[in-house]
Amino acid sequence: MIGRHSLELALPGASIGAAAGAMAGGLTLLAGQPTGMVALSALALAVPLGLFGGLYGVLLGHGVFRPGTFGPVGLFWMAAFPVSRLMQESVAGVGMADGVLPFLAYQAMVALGFAIGFVWLHERLMPHWLMRRAGANPEAEALLGEYIKHAQALQAARKGSRR
């Protein structure tokens with residue numbers, strides 16, 4: 001069972017995923033879809049991306065992922081993003097004319113771009129959230145320590161390369 005402290009670590013990633021899903025789903029408005037279909041499409045993508053974004057935060061807090069790394073996160077989103085898109089398409093779409101496997105393969109490629117944006121935004125929001133929660137949440141305090149170690153290692157590497 002995931003406790004309250006872990007759920008607090010999930011909030012930034014869940015927010016980023018849900019916002020990205022809502023915005024991407026809202027793009028169907030530009031395709032000329034009716035407002036109801038746009039709302040359904042946005043919700044059908046925002047929910048799974050929000051859940052996977054929150055899961056990323058929990059896994060980060062439990063040491064599965066490390067701050068400042070992309071490879072494992074890219075693989076995570078190469079699985080999570082196509083599943084999210086498949087859920088969206090099964091509820092609100094017509095984008096699988098070529099079949100499910102080509103659709104999923106294409107979504108896995110698109111997922112790497114999504115992962116870059118997700119990680120970039122998450123790395124900028126999460127430390128601020130952790131600073132707010134570290135006093136009351138030992139998991140947030142431990143993860144903040146990991147972010148600080150990562151920042152110190154980057155700073156030391158920069159100083160070493162200037163010499």
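The model is a predicted one. The pairs to look at are helix H2 with helix H3, and helix H1 with helix H4.

**H2 and H3**

- Helix H2 covers residues 35-61 and helix H3 covers residues 71-92; their axes come within 9 Å and cross at roughly 155°.
- Because angles over 145 degrees count as roughly antiparallel, H2 is roughly antiparallel to H3.
- The crossing of H2 past H3 is right-handed.
- On the H2 side, the contact is made by Met37, Leu40, Ser41, Ala44, Leu45, Pro48, Leu49, Phe52, Gly53, Leu55, Tyr56 and Leu59.
- H3 answers with Val73, Phe76, Trp77, Ala80, Phe81, Val83, Ser84, Arg85, Met87, Gln88, Val91 and Ala92.
- Sorted by class, the residues of this contact between H2 and H3 are 19 nonpolar, four polar and one charged.

**H1 and H4**

- Helix H1 (residues 4-26) packs with helix H4 (residues 100-133) at an angle of about 140°, and their axes lie 10 Å apart.
- H1 and H4 are therefore oblique to each other.
- Here, too, you can look for the handedness: H1 passes H4 in a right-handed crossing.
- From H1, the contact draws on Arg4, Glu8, Leu9, Leu11, Pro12, Gly13, Ile16, Gly17 and Ala20.
- From H4, the contact residues are Phe114, Phe118, Leu121, His122, Leu125, Met126, Trp129, Leu130 and Arg133.
- The contact of H1 with H4 holds 12 nonpolar, three polar and three charged residues.

Technical notes
Residues numbered from 1 in each chain as written. Predicted model: local features only at pLDDT ≥ 70, side-chain atom pairs only at ≥ 80, totals over all residues. Heavy atoms only, no water. Axes fitted to C-alpha atoms, helices over the stretch in contact; angles between N-to-C directions. Helix = DSSP H or I, 4+ residues; strand = E, 2+ residues; numbered from the N terminus. Parallel < 35°, antiparallel > 145°, perpendicular 65-115°, else oblique. Left-handed = near helix turned anticlockwise from the far one by under 90°. Contact = heavy atoms within 4.5 Å. Nonpolar A, V, L, I, M, F, W, Y, C, P; charged D, E, K, R; others polar.
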